[in-house]
Amino acid sequence: MNAESDEREKVAPPVTTAPATGDVTEEVTGEPTLGSRAPDFIKARRTLHVSWQVGVFVVGLAVVAAGAAMLVLPGPGWVVIFGGMAIWATEFVWAQLVLRWTKRKVTEAAQRALDPKVRRRNIILTTVGLVIMAALVGVYLWTYGFALPWNLAK
């Protein structure tokens, strides 16, 4: 074995397939395994497993649809949508990968938001916005007094 193959093994962890379930596992990364998390007795019977996956898909779809409706109606739309994605992730690898990607992007955004330069810029922009709002309120009060717009007498 040469040094190049040793280096490749250190960089990319070996990916293996679990013999009984066919799920992909990553031995070194410590991430949860990809694939179905259905109980073994369900995975052992093909018809039961497909029925289980259809049920999980329908429940996840209902939750995602409710979250999409909450984007325009009152309610925590994005939280519900990601809850539906988490339901799908119990059975489908594509949903697990989407959730991992989303978690990675949210973590990166949080780290960028904690950067001192970004925080300083946000504080300056917020202060400028508040000063502009105070000036507009002052102009309104100077012009109309404490009268509300719908109570103005002509």
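UniProt positions are given here in the numbering of this model, and such annotations may be inferred rather than shown by experiment. The model itself is predicted.

**Annotated spans**

An unreviewed UniProt entry places the feature "transmembrane region" at residues 50-72, 78-102 and 123-142. Two of these spans are described here. Residues 78-102 are 88% helix and 0% strand. The end C-alpha atoms of that span are 12 Å apart. Residues 123-142 are 100% helix and 0% strand. Here the end C-alpha atoms lie 28 Å apart.

**Aromatic pairs**

The structure holds five aromatic pairs. Two of them, both involving W94, are tabulated below.

| Pair | Geometry | Centre to centre | Between planes |
|---|---|---|---|
| W88 and W94 | tilted | 5.4 Å | 55° |
| F92 and W94 | stacked | 6.2 Å | 25° |

Why is the F92 and W94 pair stacked? The planes are 25° apart, and planes under 30 degrees apart count as stacked.

Ring pairs also bring in F57: F57, W88, F92 and W94 are linked into a cluster.

**Accessibility in the cluster**

Is W88 buried or exposed? W88 counts as buried, because its relative accessibility is 7% and the cut-off for buried is under 20%. F92 is buried too, with a relative accessible area of 17%. W94 is partly exposed, at 43%. So W94, the partner in both tabulated pairs, is partly exposed, whereas W88 and F92 are buried.

Technical notes. Residues numbered from 1 in each chain as written. Predicted model: local features only at pLDDT ≥ 70, side-chain atom pairs only at ≥ 80, totals over all residues. Heavy atoms only, no water. Phe/Tyr/Trp six-rings, centres within 6.5 Å; stacked < 30°, edge-to-face > 60°. Buried < 20%, exposed > 50% of the residue type's maximum accessible area, 1.4 Å probe, protein only. Helix = DSSP H or I, 4+ residues; strand = E, 2+ residues; numbered from the N terminus.
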